[in-house]
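User: I have a fold to go through with you. Can we take it piece by piece?

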Amino acid sequence: MTRAVGRRSIAALIFLFLLVLGLSLCRRGILLSDEGFLLLEALDMLQGKVLYRDMDAFVAPGTWLLMAGVFSIVEPSVLASRLPVLVCFLATFGLAYRIVARLGSPGYGIFCVVLLALASVWAFPFWTFAWYSPFSILFVLLALERLLAWQQSRRTSALLATGLGLGLAFVFKQNYGAYAAAGSVLLVLATRAEEHGPAGRLLRDVLADALRLGAGAACVALPVIGYFVLQGAGAAFVDRLLLHPLEFLARADIPYPSLATLLAAEPLRENTERLTYLAFLPNRLDVAIPVLHELGLVERLHVLLYWLPPLVFTVGSWRGL
């Protein structure tokens with residue numbers, strides 16, 4: 001009993017810390033060229049305009065629909081738009097903890113939460129303003145958590161919930177949803193293959209699992225697609241979400257900064273075309289602590305952070321094999 005009370009107390013303290021952190025970050029920062037346009041278009045939707053038909057965008061409509069829904073309930077404001085962002089922020093930490101604790105231990109889960117808290121400050125304001133990526137990532141994590149639960153239980157409901165998470169991820173940002181769906185299918189295939197059943201049975205099981213994933217995703221995707229078709233924006237919906245991003249990628253291939261950039265006199269200033277969505281923190285610290293600016297320590301750390309995900313994926317893949 002005492003141990004359970006202690007765990008609940010620690011969980012309550014961590015939640016309180018994350019709530020204070022999330023509130024602090026959500027009440028600050030705005031990028032008029034990004035968030036400002038999104039919120040303005042959400043307001044235009046309340047006036048009868050339809051995304052893709054009357055307003056240009058090439059990202060899935062989830063965040064626009066969410067913000068328009070919020071503004072239809074409460075008075076439109078930047079702070080009102082941050083309420084669902086705060087919920088997303090806290091839920092992301094919760095799902096990250098559940099996933100890591102399931103694969104490792106509660107201690108590793110807490111360590112993951114600490115790292116995410118540090119990253120959220122470093123990446124400010126991109127995790128805590130009205131934007132599509134944080135919501136899509138949240139639902140990718142939801143899909144992963146449910147898929148891991150399915151691995152343990154083989155329950156159909158867990159697989160349907162996985163598909164639901166994938167559908168939501170796609171509705172908020174289509175490329176994240178597509179990548180997550182491909183990864184989910186591969187994980188299902190690998191899981192079924194480990195059961196060492198006959199080839200025919202393996203194929204039937206994988207096909208049935210894929211149909212369950214698709215059914216869960218369709219519960220979200222089909223109503224959204226149907227809405228835009230009924231509004232006369234079906235063709236524009238397909239063009240802006242599926243075709244235009246391919247054209248955009250062909251024109252905007254931004255490579256990673258090389259590790260040699262670390263030796264440059266001004267690492268980021270000499271390679272700005274290679275970095276997108278640079279966090280506010282380097283510039284703010286340069287002003288507050290001049291020596292950091294002179295040595296370029298924060299900029300060099302920023303370059304290293306770009307190389308952290310490939311390193312993590314490489315180590316994880318090697319350990320998996």
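User: Which residues does E41 touch, not counting residues up to four places away in sequence?
Analyst: E41 touches L51, M55, D56 and W64. Contact means heavy atoms within 4.5 Å. One caution: this is a predicted model, where local features need pLDDT of at least 70, side-chain atom pairs count only at pLDDT 80 or more, and totals for chains, interfaces and linings use all residues. Residues are numbered from 1 along each chain as its sequence is written, and side-chain values use heavy atoms, with hydrogens and water left out.

User: Where does E41 lie?
Analyst: In helix α2, residues 32–46. Helices (H or I, at least four residues) and strands (E, at least two) are DSSP runs, numbered from the N terminus.

User: Is E41 buried or exposed?
Analyst: Buried. The cut-offs are under 20% relative accessible area for buried, over 50% for exposed, and partly exposed in between (1.4 Å probe, protein chains only). E41 has no salt bridge. That term means a side-chain nitrogen of Lys or Arg within 4 Å of a carboxyl oxygen of Asp or Glu.

User: What is the nearest side chain of opposite charge to E41?
Analyst: K49, 8.7 Å away. Lys and Arg count as positive, Asp and Glu as negative; His and the chain ends are not counted.

User: How many salt bridges are there in the whole structure?
Analyst: Ten. One of them joins the side chains of R102 and E145, at 2.7 Å from N to O. R102 lies in helix α4 (residues 78–103) and E145 in helix α6 (residues 132–153), so this pair ties together parts 43 residues apart in sequence.

User: How accessible is R102, and how accessible is E145?
Analyst: R102 counts as partly exposed, at 26% relative accessibility. E145 is buried, with a relative accessible area of 3%.

User: Which residues are linked in a network of salt bridges with R102?
Analyst: R98, E145 and R146 are linked with R102 in that network.

User: What does R192 pair with in a salt bridge?
Analyst: D209, again side chain to side chain, at 2.7 Å from N to O. R192 lies in helix α8 and D209 in helix α9 (residues 199–230), so the pair ties together parts 17 residues apart in sequence. Both residues are buried.

User: And what about R240?
Analyst: R240 forms a salt bridge with D239, with the closest N and O atoms 3.5 Å apart. R240 counts as buried at 16% relative accessibility, while D239 is partly exposed at 31%.

User: Back to α8. How many residues does it have, and how far does it reach?
Analyst: Helix α8 (residues 174–193) has 20 residues and reaches 29 Å from its first C-alpha to its last, close to the 28 Å expected at 1.5 Å a residue. The expected span is 1.5 Å times one less than the number of residues.

User: Which residues in α8 are buried?
Analyst: Q174, G177, A180, S184, V188, T191 and R192. Seen down the axis of α8, the buried residues fall within an arc of 120°, so they line one face of the helix. The arc is that of the directions from the helix axis to the C-beta atoms.

User: What is exposed on the other side of α8?
Analyst: Y179 and L186.

User: Zoom out. How many helices and strands are there?
Analyst: The protein chain comes to 13 helices and zero strands. Of its 321 residues, 39% count as buried.
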